[in-house]
Amino acid sequence: MTKAAAAAPSTPDRQPEKSSGAAQLPQQHGILVLRKPSGPTSARCLTAIKRLGQKKIGHAGTLDPLASGVLLVLLGQATKLSGHLLAGGGKVYSGTLRLGQTTDTWDIEGKVVAEAPWEHVSEADVRREVAAWLELAEQAVPPYSAAKHEGQPLYKLARKGVEAPAKVKRMKISQAETLTVSLPFVSFRVACSSGTYIRSLAHSLGTRLGCGAVLTELTREYSHPFGLDVARDPADFTADPTLLPGCVRPIAEALPHWRKVELTPDEAARVRNGIAVPCRPEAPAQADAPEQGATGAEPAEGFALLLEQGTALALAQLETTPAGPCWTVLRGLWN
């Protein structure tokens with residue numbers, strides 16, 4: 001779920017600090033799983049890591065300033081995985097919404113545009129409507145979001161008072177659970193496809209209940225294939241930069257649903273020159289791949305991570321050639 005902040009973010013208890021004269025570490029190659037605090041933007045969290053000498057850096061899905069939780073930071077050669085990570089599986093969020101209000105951003109940080117009585121709503125009503133998220137196949141894109149209209153992000157147009165056409169996007173909810181109901185507050189957990197706007201789910205629930213609703217808290221518990229159990233606070237690394245190398249996850253861990261193919265030295269040399277290599281019948285299939293679960297991860301049929309002595313060398317796709325099936329290089333992961 002992505003959105004530019006519509007209001008000044010609140011100051012969290014602990015957040016990334018500016019690093020003055022921070023140690024410049026060698027460029028790392030892999031995935032750093034951050035536990036973003038509520039308050040700072042995702043970009044600010046990445047900047048804190050970039051200052052440690054990580055010039056080649058990216059991410060696999062931002063979080064709103066309001067949100068906390070798993071933020072996947074891609075370092076070095078791992079920046080080439082972005083599109084494949086987003087397609088590999090889903091995300092899990094827990095959050096809280098408040099009935100009786102509607103804001104222009106669909107969360108608590110926006111401007112209140114409407115208020116309505118919520119006392120007529122029962123706990124049974126809430127549980128029914130949260131469960132109804134499972135039936136949704138598409139959702140409205142929030143007017144304050146990074147989605148674009150004629151090349152301009154919607155949040156920029158909204159700030160200028162420019163009205164853009166309403167946008168709708170496809171999505172899938174594979175789990176929708178009501179955790180607690182203490183009206184007007186409702187806590188929930190959802191597992192969803194990548195790119196789902198949780199603010200939109202809260203807004204649609206409020207519309208169906210006839211009283212409006214805004215998102216007040218949000219935590220991303222899982223972003224395929226990593227969870228909060230392996231996440232670290234960005235402030236850990238600004239306090240002690242030497243922790244960073246030991247916390248970077250290998251590229252191979254980011255694609256557990258991809259076939260892993262260990263190359264011979266001759267094959268590795270060919271791959272480095274962009275030459276396809278034969279797909280050996282004895283190559284392992286999906287032995288280490290997880291079964292499809294609530295997050296929607298499925299085996300990546302026809303794709304493989306080519307390894308050289310256990311280290312990721314290239315992303316490859318299976319193609320049929322006159323010489324037989326071969327692995328052709330999609331992206332090289334060498335320097």
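Contact here means heavy atoms within 4.5 Å. The model is predicted.

**Entry: helix H3**

I started with H3, residues 123–131. Which of its residues are buried? I found Asp125, Val126, Glu129 and Val130. Looking down the axis of H3, I see these buried residues within an arc of 125 degrees, so they line one face of the helix.

Next I asked what the buried residues of H3 pack against. I list strand S4 (91–99), strand S11 (173–182), strand S12 (185–192) and helix H5 (198–209).

**Entry: nonpolar cores**

I then looked up the largest nonpolar core, which holds 27 residues. The residues with the most contacts inside this core are Leu97, Leu99, Val126, Trp133, Val190 and Ile198. Which elements give two or more residues to the core? They are S4, H3, S11, S12, H5 and strand S13 (213–223). H5 supplies the largest share, five residues.

Setting aside neighbours within four places in sequence, I find Leu99 in contact with Trp118, Val121, Val126, Leu183, Pro184, Leu205, Leu209, Cys211, Gly212 and Ala213. There is also a second, separate core of 21 residues. Among its members are Ala78, Ala231, Ile251 and Leu255.

S3 covers residues 68–75. How many of its eight residues are buried? I count eight of eight.

I went through the pairings of S3 in turn.

- Strand S1 (residues 30–36) pairs with S3 in the antiparallel sense, over seven bridges. Gly30 stands opposite Leu75 of S3.
- Strand S2 (residues 57–59) runs antiparallel to S3, and three bridges join them. His59 has Val73 in S3 as its bridge partner.
- S13 runs parallel to S3, joined by two bridges. Ser68 has Thr219 in S13 as its bridge partner.

**Entry: the five-stranded sheet**

I traced an open sheet of five strands. In what order do they lie? I read S15-S17-S18-S19-S16, with mixed pairing. The edge strands are S15 (259–262) and S16 (277–278), and each pairs on one side only.

Inside the sheet I checked S18 (residues 311–321) against S19 (residues 324–332). Eight bridges join these two strands, which run antiparallel. Ala314 has Gly332 in S19 as its bridge partner.

**Entry: cysteines**

I searched the whole structure for disulfides and found zero. I looked at two cysteines for burial. Buried means under 20% relative accessible area. Cys45 is at 0% relative accessibility, so it counts as buried. Cys192 has a relative accessible area of 1%, so it is buried too.

**Entry: the chain as a whole**

The chain has eight helices and 19 strands. Of its 335 residues, 51% count as buried. The accessible surface comes to about 15,100 Å², and 51% of that belongs to carbon and sulfur atoms. I also looked at contacts between residues at least 6 apart in sequence: 72% of them join residues at least 24 apart.

Terms used
Residues are numbered from 1 along each chain as its sequence is written. This is a predicted model: local features need pLDDT of at least 70, side-chain atom pairs count only at pLDDT 80 or more; totals for chains, interfaces and linings use all residues. Side-chain values use heavy atoms; hydrogens and water are left out. Buried means under 20% relative accessible area, exposed over 50%, partly exposed in between (1.4 Å probe, protein chains only). Helices (H or I, at least four residues) and strands (E, at least two) are DSSP runs, numbered from the N terminus. The arc is that of the directions from the helix axis to the C-beta atoms. A nonpolar core is a set of buried Ala, Val, Leu, Ile, Met, Phe, Trp, Tyr and Cys residues joined through side-chain atoms within 4.5 Å. Two strands pair if DSSP finds at least two bridges between them. Accessible areas come from the Shrake-Rupley method with a 1.4 Å probe; for residues, only the protein chains shown count as cover. A disulfide is a pair of cysteine sulfur atoms within 2.5 Å.
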